[in-house]
Amino acid sequence: MAMDPFTWSHWYAIGRLEDVPEGGTRKTRLLGIDIVAHRSSGEVTVERVEDHAPLAVQERYGHVWTTFSDEPKPLYDMPEFDEDGRRLVTAGCVTVRCSGLRAVENFLDMAHFPFVHTGILGEEDHAEVEQYCVEMRADVNEVWATKCRFYQPKAAATAEGGQMTHYKYRVPHPFSTILYKTCPIREGAWDLVGLFIQPRDEDLCDVHSFVLVFDEENTDTGLLHFQQTIFLQDRMILENQVPALLPLDPRRELPTRADASSIAYRRWLKENGQSFGVLAEEAVG
Ligand SMILES: [Fe+2]
């Protein structure tokens with residue numbers, strides 16, 4: 001298995017808080033290793049199945065997180081979770097047969113909106129992706145894409161009619177990505193949509209998603225349903241990508257301007273020595 005220190009150094013979401021209820025047990029898998037989570041007297045414990053070694057745990061952003069590392073990189077900060085008036089809706093996990101890195105890359109790609117999320121996040125008459133900015137933030141070791149603009153017929157569960165939506169994307173972790181999009185009902189505010197990806201194996205992942213929004217109108221079920229509709233459309237695309245692992249060699253897949261964030265993401269993974277979920281170099285023909 002292609003394990004590397006960068007992959008090993010992170011915290012991973014392994015389920016929502018409510019997926020590990022009092023007295024309950026959640027068996028799952030992370031980075032090719034079977035683990036089990038259990039909650040008793042309110043506390044969650046996670047251990048490796050093979051040798052019962054206890055792992056570090058934290059409950060944050062509506063999810064249970066764990067790591068195999070003795071000196072993990074701190075879990076990235078999302079100060080929006082402390083803001084008043086926002087609602088958190090967690091969608092629960094969807095298992096996808098592909099590298100978790102593929103799921104991040106797909107999430108960053110606006111060019112697929114008109115064709116995959118037709119009538120919701122895009123439409124074929126407005127398929128052009130305008131130039132946007134991509135930056136690597138060295139101080140925090142994150143990738144950001146900013147000043148993204150895209151015409152969307154129904155940008156969010158609250159949106160009525162089409163609008164030019166403004167986006168920012170953040171990649172603070174090889175298997176996490178957060179989208180900040182213009183809030184349709186509160187000027188100057190951003191709504192968050194994010195993926196916490198749990199790589200079960202190199203070519204298999206559980207995608208935990210959330211929305212953190214200002215919204216007084218939709219029910220949790222309505223917000224959840226909107227997210228699930230979008231993500232199930234993505235799953236079909238992801239499971240059909242060949243190869244299932246992500247190639248990092250820039251010659252492997254043809255870049256276009258809309259792929260600027262994908263190029264930056266792949267370069268960032270390469271610079272950080274990512275090999276888990278990556279197509280091995282020698283396989284590149
Ligand atoms: Fe999508």
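Predicted model: local features only at pLDDT ≥ 70, side-chain atom pairs only at ≥ 80, totals over all residues.
Residues are numbered from 1 along each chain as its sequence is written. Helices (H or I, at least four residues) and strands (E, at least two) are DSSP runs, numbered from the N terminus. Two strands pair if DSSP finds at least two bridges between them.

Strands of a sheet pair through backbone hydrogen bonds, either parallel or antiparallel. Axes here are lines fitted to C-alpha atoms, for helices over the stretch in contact, and angles run from 0 to 180 degrees between N-to-C directions. Now look inside the sheet. β10 and β11 (residues 176-182) run antiparallel and are joined by 5 bridges. Arg170 has Ile178 in β11 as its bridge partner.

How many residues of α2 are buried? The count is 9 of its 9 residues. A residue is buried if 20 or more other C-beta atoms lie within 10 Å of its own, exposed if 12 or fewer, and partly exposed in between, with C-beta atoms placed from the backbone. Among the buried residues of α2 are Arg102, Glu105 and Phe107.

Ser261, Ser262, Tyr265, Arg266 and Leu269 of α5 are buried. Seen down the helix axis, these buried residues fall within an arc of 135 degrees, so they line one face of α5. The arc is that of the directions from the helix axis to the C-beta atoms. What do they pack against? Their partners are α2 (100-108), β8 (133-137), β9 (142-152) and β10 (163-173). Two residues are in contact if their C-beta atoms, placed from the backbone, lie within 7 Å. After α5 comes Gly273, with a positive phi near 75 degrees.

Next, the loop between α4 (220-239) and α5, where Pro243 lies. The peptide bond from Val242 to Pro243 is cis, with omega near -5 degrees.

Another open sheet has 6 strands, also with antiparallel pairing, in the order β1-β6-β5-β4-β3-β2. β1 (12-16) and β2 (25-30) are its edge strands, each with a single partner, so one side of each lacks a neighbour in the sheet. The twist averages 30 degrees from one strand to the next. β1 and β6 pair over 4 bridges, and Tyr12 has Thr66 in β6 as its bridge partner.

Two loops here deserve a look. Ser41, between β3 (33-40) and β4 (43-48), has a positive phi of about 50 degrees although it is not a glycine. Tyr61, between β5 (54-60) and β6 (63-67), is also not a glycine, and its phi is positive, near 55 degrees. Are these residues buried or exposed? Ser41 counts as exposed, with 6 C-beta neighbours inside 10 Å. Tyr61 is buried, with 22 other C-beta atoms within 10 Å.
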